[in-house]
Amino acid sequence: MNAVKEQFNEISAKYDQQRPYLIPCFEDFYGAANALLANRPQACKVLDVGAGTGLFSYFLYQQRPELEFTLVDLAPEMLAVARQRFVGLPSFIFQELDFVTQPLPGHYDVVVSSLAIHHLPDAEKATLYQRIHDALNPGGLFINADQVLGRTAGFDAFNRQHWVRTVQQSGLPKEAIERAFERIKLDDFGTLEAQLRMLEAAGFQEVDCVYKNLNFVVFAAVRDTITDWN
């Protein structure tokens, strides 16, 4: 994760402005959590794991400004951008944390993550999912917006090739595209199905994918069985 930390410290100042170019389904991808969050009117505390610049938390904050947010990331320069984004707001806490090796702080009603967990090998993904389960209050909700392998080698190749062509035609400067292509070499995508099984093995009762666009997915899990989703 040291290489990941260095890469994202370097890109921190430009990270947000490049997201719409690098995520063709940007608005839908980050907005897919809205309905799930609306289903948790009683939620108070949110933990953002691998929060980076706080982009995902910003989308959630726009919908639910009364929530209390804790943002953790291992890259201090990324967290510095998040601090500036939410400057003056008392409901935000920031903590530099290696979430791979260190315990998650506190207990929460909602845990979220975006484009962070795909950097971990499967064994570390499973360990983190267990920690997230244990950090959630009863009935707590986990939402992960991330990238995954295709279900088969053929579809995975198609997804990646389509993304590369889309980014090359996006209007992003050539140097930024080349750096993005270098950063993806640090990725360790897992399949969606394998990660849903990991969540179930960690003790989550309700698990599903709520959004998918090629290799961009949003999947969610609830710590206990929910009998009323209204």
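L115 counts as buried, at 8% relative accessibility, where buried means under 20% relative accessible area, exposed over 50%, and partly exposed in between, with a 1.4 Å probe and protein chains only. This is a predicted model, in which local features need pLDDT of at least 70, side-chain atom pairs count only at pLDDT 80 or more, and totals for chains, interfaces and linings use all residues. Residues are numbered from 1 along each chain as its sequence is written, and side-chain values use heavy atoms, with hydrogens and water left out.

Back to L115. The residue lies in the loop between β4, residues 108-114, and α7. Helices (H or I, at least four residues) and strands (E, at least two) are DSSP runs, numbered from the N terminus. Phi of L115 is near 50°, a positive value in a residue other than glycine.

L214 has a positive phi of about 55°, although L214 is not a glycine. The loop that holds L214 runs between β6 (206-213) and β7 (216-222). L214 is partly exposed, with a relative accessible area of 26%.

L214 also turns up in the contacts of N159. Leaving aside neighbours within four places in sequence, N159 is in contact with G150, L214 and N215, contact meaning heavy atoms within 4.5 Å. N159 sits in helix α8, residues 153-168. Is N159 buried or exposed? At 5% relative accessibility, N159 counts as buried. Ten residues along the chain from N159 comes Q169, and their C-alpha atoms are separated by 16 Å.

Next, helix α7, residues 122-135, which contains K125. K125 is a lysine with a relative accessible area of 1%, so K125 is buried. What does K125 touch, not counting residues up to four places away in sequence? The list is I117, H118, L120, D188, F189, G190, Q195 and M198. A126 is in helix α7 as well. A126 has a relative accessible area of 30% and is therefore partly exposed.

On to the nonpolar cores. A nonpolar core is a set of buried Ala, Val, Leu, Ile, Met, Phe, Trp, Tyr and Cys residues joined through side-chain atoms within 4.5 Å. As background, nonpolar side chains in soluble globular proteins tend to be buried together. Here the largest core has 45 residues, and those touching the most other members are I23, F29, Y30, F56, L71 and I143. A second, separate core of 29 residues includes V49, V111, L196 and F204.

Take F56 from the largest core. With neighbours within four places in sequence left aside, F56 is in contact with Y30, A33, D48, V112, S113, S114, I143 and A145.

I143 is also touched by L36, along with L141, V210 and A220, again not counting residues up to four places away in sequence. L36 is in helix α4, residues 34-38, and is buried, with a relative accessible area of 15%. L36 and L141 are 105 residues apart in sequence, yet 8.5 Å apart in space, C-alpha to C-alpha.

V222 is buried, with a relative accessible area of 2%. E206 is 16 residues away along the chain, and the C-alpha atoms of V222 and E206 are separated by 5.0 Å.

Last, the whole chain. How many helices and strands are there in the protein chain? There are ten helices and seven strands. Of the 230 residues, 50% count as buried. Among contacts between residues at least 6 apart in sequence, 70% join residues at least 24 apart.

A compact globule of 230 residues would have a radius of gyration near 17 Å, and the chain has 17 Å, so the two agree; the radius is taken over C-alpha atoms, and the globule rule is 2.2 Å times the number of residues to the power 0.38. Along its principal axes the C-alpha trace spans about 45 × 45 × 35 Å.

The accessible surface comes to about 10700 Å², with 51% belonging to carbon and sulfur atoms; areas come from the Shrake-Rupley method with a 1.4 Å probe, and for residues only the protein chains shown count as cover.
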